[in-house]
Amino acid sequence: MSVADRLSALSPEQRALFEKLRQQQARPAVRTPPAVQAVSGPMGVGDWPLSFDQERLWRMHQVDPALVSWNVDAGSRVHGELDIPVFLAAFRELIRRHAAWRTTFPIVNGSPVQRVHPWLEPQVSFVDVSALPEEIRETAGHAAIYDHTRTPFDLARGPLVRMALVKLAERDHLYLVTIHHIATDWITYQIFFGELMQVYEAFRAGRPSPLPVPLQFPDYTLWERDWFQGEVFEDEARFWRRELEGFPLVLDLPSDHPRPPVQSQRGGLFRVRVGAERSDRLRALARREGATMFMAVLAVLNALVWRLTGRERVVVGSNGANRPRPELEPVAGLFLTQIPFATDLSGDPTFRELLARTKKTALGAYAHQNVPFNKLIEALGATDDRSRNPVVQVLLLILEGQSHGQSGELEFEPVGLYDGNSRWDLMFGLYDYYDQGLSGPLEYNADLFEEATVAGFLELFYRLIDAVTAEPEVRLSGLPQGQ
């Protein structure tokens, strides 16, 4: 009996199982990384190599050390009776706990090292505007923390962490933490805020810091260099070369001005408000197609880029946590890397087909998401073009909606900040609020685009969501066009 005859004799359920197993066997195996060992000591003190992505960020910083776009800011408004001496003591305890925030990057024998110090005093500024008239107090407070974001860091001397605390009233404060990107990422900030509250509550009660420190960031960098080499690197490099073969690594959106030879990172900002009803329709479509909300928005963004450029092969990027081992989850430092999603839009597919292609692309990329972006660039042989980001020029982030935090009697309200920079041509940084829908900043390269042009991009983005949720079978050629 032939293979075809044997297959024809199977029930539909058996054929489905056979096909699933065949696809699993055809899929290249993803290696499981080994455990990360604590080798740098309890405090991580000493000179250590940089991680691969730290190397890239260090080089970019050297191009223009006065650039502040690598300052990463996060702040909150604190409602309630804040014990300021205890709050500052808790902040300093976090610096003591985590090697990443006691690190500088001097040059030793011609190359940078990450030097972890036993202690590195963070910069702390306290501004009291509570005596000002109430009508100007808020503006003065926000100006104080905004000024805090505009000062560059000296990587060789440090410190690379600073805090601004503003007293608006007895039970009303603003605080902002600014860290150079070489020492932090978004998950690290979540670690920071979570630990800050735990330590603050412990210190208020007269107890010591309640948290152990099993690993430090240098443990990760040593592990990364030991693990990500040889066959491991070659396997991942082969995947990404194959995945991006035939895809242009330069994406030129229609712009109002020619691209400068050196990217200034001067940016502009729009607020994206997709709305609850429109977001719910897109979420429902994603659920019916077995996709995530991220995949659905990525498919719409792919359609937008296609409509703007006419390109049938599109690369849009996102960020990956790059914490492939559970023991890395509580470690502070720069783990974040970028993931390119390369989607083929040829053949005038329906949106349902495009969503299926986007889902397949995303699943493949997620299986190889822990490749340091610096090594991915190396694998692709991307050129060093100072006028734009390599590989990824349009970025999409979808994060869980920020909400008010609570710690004892204190309530923390997120404070939105924009530093006037944009590292990408377009960056959608959306938060998914289930009661309000998708919303967040759309940052754009102000050297390329006028405000009205980006407003048109955003309006077309909304119209595309409306079109594909009303009729998922609509083909790309039938989608709305820009003004």
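User: Is asparagine 322 buried or exposed?

Analyst: Asparagine 322 counts as buried because its relative accessibility is 3%, where buried means under 20% relative accessible area, exposed means over 50% and partly exposed lies in between, using a 1.4 Å probe and protein chains only. Please keep in mind that this is a predicted model, in which local features need pLDDT of at least 70 and side-chain atom pairs count only at pLDDT 80 or more, while totals for chains, interfaces and linings use all residues. Residues are numbered from 1 along each chain as its sequence is written, and side-chain values use heavy atoms, with hydrogens and water left out.

User: Where is asparagine 322, then?

Analyst: Asparagine 322 is in the loop between β11 (313-320) and β12 (337-344); helices (H or I, at least four residues) and strands (E, at least two) are DSSP runs, numbered from the N terminus.

User: And what does asparagine 322 touch?

Analyst: Leaving out neighbours within four places in sequence, asparagine 322 is in contact with Tyr220, Phe335, Thr337 and Asn370, contact meaning heavy atoms within 4.5 Å. The side chains of asparagine 322 and tyrosine 220 are joined by a polar contact of 3.2 Å, and a polar atom of the asparagine 322 side chain lies 3.0 Å from the backbone oxygen of phenylalanine 335. A polar contact is a pair of N or O atoms within 3.5 Å; within protein, one must be able to donate a hydrogen and the other to accept it, and residues adjacent in sequence count only if both atoms are side-chain atoms.

User: New topic: which residues other than glycine have a positive phi?

Analyst: Glutamine 265, with phi near 65°, and aspartate 348, with phi near 50°, are among them. Most residues other than glycine have a negative phi, and most peptide bonds are trans. Glutamine 265 lies in the loop between α8 (230-243) and β10 (267-273), and aspartate 348 in the loop between β12 and α11 (351-366). Glutamine 265 is buried, with a relative accessible area of 6%, whereas aspartate 348 is partly exposed at 27%.

User: What about the peptide bond from glycine 158 to proline 159?

Analyst: That bond is cis, with omega near -10°, and proline 159 is found in the loop between α5 (134-149) and β8 (161-169).

User: How do α9 and α13 cross?

Analyst: The axes of α9 (residues 276-288) and α13 (residues 451-470) come within 10 Å and cross at roughly 50°. Axes here are lines fitted to C-alpha atoms, for helices over the stretch in contact, and angles run from 0 to 180 degrees between N-to-C directions. The two helices, α9 and α13, are therefore oblique to each other, since angles under 35 degrees count as roughly parallel, over 145 as roughly antiparallel, 65 to 115 as roughly perpendicular and the rest as oblique.

User: Which residues meet there?

Analyst: Arg278, Arg281, Leu282 and Leu285 in α9 meet Tyr462, Ile465, Asp466, Val468 and Thr469 in α13.

User: And which residues does valine 274 contact?

Analyst: Setting aside neighbours within four places in sequence, valine 274 is in contact with Ser279, Leu438, Phe461, Tyr462 and Ile465. Valine 274 is found in the loop between β10 and α9 and counts as buried at 3% relative accessibility. From C-alpha to C-alpha, valine 274 and glycine 437 are 6.3 Å apart in space, although 163 residues apart in sequence.
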